[in-house]
Amino acid sequence: MNINETNYEYYFFLYIDKELSPAENTAVENFIALHPTYADELDQLKKTIQAPENILFEHKALLYRLPAMESNISPDFKNKLYKKEARLFKVKFNNRTKAALLSVAALFVLLIGYRFIETSSVSSINTAVSNSAKANGKNLSRTKAALEKKNDPAINALTSTTKRIKFSGKIIKDLAPARISMAAITMKETTDLNTSSIPISNETISLTPLDLQAYQINQLPNEIALGNNKKATEHVFPTTYQVVDTEEEDRSIYIANLEIDAAALRGISRRFNALFKKNKSENK
Amino acid sequence: MREIEFNQCVDECANSVYRFILKNIGQVEDAQDIVQTAFEKLWVNRDKVEPLKAKSYLFTVAYHQMIDHIRKEKKLSIKDNYEEAVIKATYQKDPELKQLLLAAINELNPTQKSLVLLKDYEGYSYLEIGEIMNLSESQVKVYLHRARIFLKEKLVHLEKVAS
């Protein structure tokens, strides 16, 4: 190493940065001793070195990693510490179970559909009856009072008859006998209740195409031609709803009932079961 | 690296890494976050890092975290609370010279400042500083010498102004 006046600065930097070997350090010190004028320059460079500072990291404890603690807890006690969870029961759906569930679901859907149809038919009849009553200006309250006479033979006849509506000789609807005698009130003149004009026995009402259309759109005519083309002044619609008059003449409350025939339900379920069994056999 | 070696590394390096970062960015909370992140990375990579090189690894990670922080925050200038935090925690034979030197260092660019801090505080060699800062040894030497010249001239100028 040859330090001279042209390269001394470079070695001074290395000297203050402690990048020189001991021999080189000695060479630099000898150069300063021989050339005292450069001593100030070396002192100025030494001033650029920062003094050591004591800055502490306060959160050192957060950095430590603790080794896993050895515990002497017995395995039995450890097991007791675990949270006990409820057992899970796995249900396996085989074909039979699936068929049973599907049949129950189908039955439920059928029940809902039947209920919907029943409600809608009753409500349509109610609408027709209400419209007709309004059109004819009937006095429902008076009619009700008259019909509440349970000994009246006309009312008894109404509740025991079964009506059949035919179109072109084919039965399109069987009307069950009315349970509630008030069902007969709507289309009848209350002032002169003519029992002779009310059919006593099971009777079939035949409808012309026009009548059927009128029936289907729930606008029942005041006069429907009977089988013998005889004009009738009153029409009876057996229903399964109850009419409750309000204080207002134009308003009535209809309470419908749903009857489920147990035998019919069993028949439906048998048919569904047979259907699934059939499918199962087809799969095989 | 096991837990014991890692904890020894915490004892030996946490203060120096924190000081290095704090001196550079001047914000206590951010410096603490960076130190914590550096040690977290060391723990994650403890199987890859040799215990003897853990300190260098910590400084490397902390330095790059700091650069990201500076770029993100765009805080290239030292804030006021920096000097307060540093002055409280330092001891200096010549307080006036310390103040002047701090003022001069604050005018260095981040790379030169890091170079000076790593050299003066931690005593790293040019080669080690180059590894930490992704610089060659000659680059470290040149940048550091430029920084020394700048500091020397600045100190002379400030001393003249002060006197």
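# Helix packing and contacts in two chains

Student: Which hand, left-handed or right-handed, does the crossing of helix 2 of chain B and helix 3 of chain B have?

Tutor: Helices (H or I, at least four residues) and strands (E, at least two) are DSSP runs, numbered from the N terminus. A crossing is left-handed if the near helix is turned anticlockwise from the far one by less than a right angle, and right-handed if clockwise. For helix 2 of chain B and helix 3 of chain B, the crossing is right-handed.

Student: What kind of model is this?

Tutor: Residues are numbered from 1 along each chain as its sequence is written, while chains are lettered from A and ligands numbered from 1 in the order in which they are written. Local features need pLDDT of at least 70, side-chain atom pairs count only at pLDDT 80 or more, totals for chains, interfaces and linings use all residues, and the model is predicted.

Student: Why are helix 2 of chain B and helix 3 of chain B called oblique?

Tutor: Axes are lines fitted to C-alpha atoms, for helices over the stretch in contact, and angles run from 0 to 180 degrees between N-to-C directions. The axes of helix 2 of chain B and helix 3 (residues 54-73) of chain B come within 9 Å and cross at roughly 135°. Angles under 35 degrees count as roughly parallel, over 145 as roughly antiparallel, 65 to 115 as roughly perpendicular, and the rest as oblique. Helix 2 of chain B and helix 3 of chain B are therefore oblique.

Student: How many nonpolar residues are in the contact of helix 2 of chain B with helix 3 of chain B?

Tutor: Two residues are in contact if their C-beta atoms, placed from the backbone, lie within 7 Å. The residues that make this contact include B:I34, B:V35 and B:A38 of helix 2 of chain B and B:L58, B:V61 and B:A62 of helix 3 of chain B. Ala, Val, Leu, Ile, Met, Phe, Trp, Tyr, Cys and Pro count as nonpolar, Asp, Glu, Lys and Arg as charged, and the others, Gly among them, as polar. Beside 3 polar and 2 charged residues, the nonpolar count is 11.

Student: Is B:A147 buried or exposed?

Tutor: B:A147 sits in helix 8 of chain B and, beyond its neighbours within four places in sequence, is in contact with B:L108, B:Q112, B:L115 and B:V116. A residue is buried if 20 or more other C-beta atoms lie within 10 Å of its own, exposed if 12 or fewer, and partly exposed in between. Because B:A147 has 22 C-beta neighbours inside 10 Å, this residue is buried.

Student: Which helix of chain B gives the most to the side of chain B that touches chain A?

Tutor: Across the interface, 34 residues of chain B are in contact with 24 residues of chain A. The elements that give two or more residues to this side of chain B are helix 1 (3-25), helix 2 (28-44), helix 5 (95-105), helix 6 (110-122) and helix 8 (137-162). By class, that side has 18 nonpolar, 8 polar and 8 charged residues. With 9 residues, the helix of chain B that gives the most is helix 1.

Student: Which hand, left-handed or right-handed, does the crossing of helix 1 of chain A and helix 2 of chain A have?

Tutor: The axes of helix 1 (residues 8-16) and helix 2 (residues 22-34) of chain A come within 10 Å and cross at roughly 125°, which makes the two helices oblique. A:Y8, A:Y11, A:F12 and A:Y15 of helix 1 of chain A meet A:N25, A:V28 and A:F31 of helix 2 of chain A. The crossing of helix 1 of chain A and helix 2 of chain A is left-handed.

Student: Near what value is phi of B:N134?

Tutor: B:N134 lies in the loop between helix 7 and helix 8 of chain B, and is exposed because 11 other C-beta atoms are within 10 Å. Most residues other than glycine have a negative phi. For B:N134, a residue other than glycine, phi is positive, near 60°.
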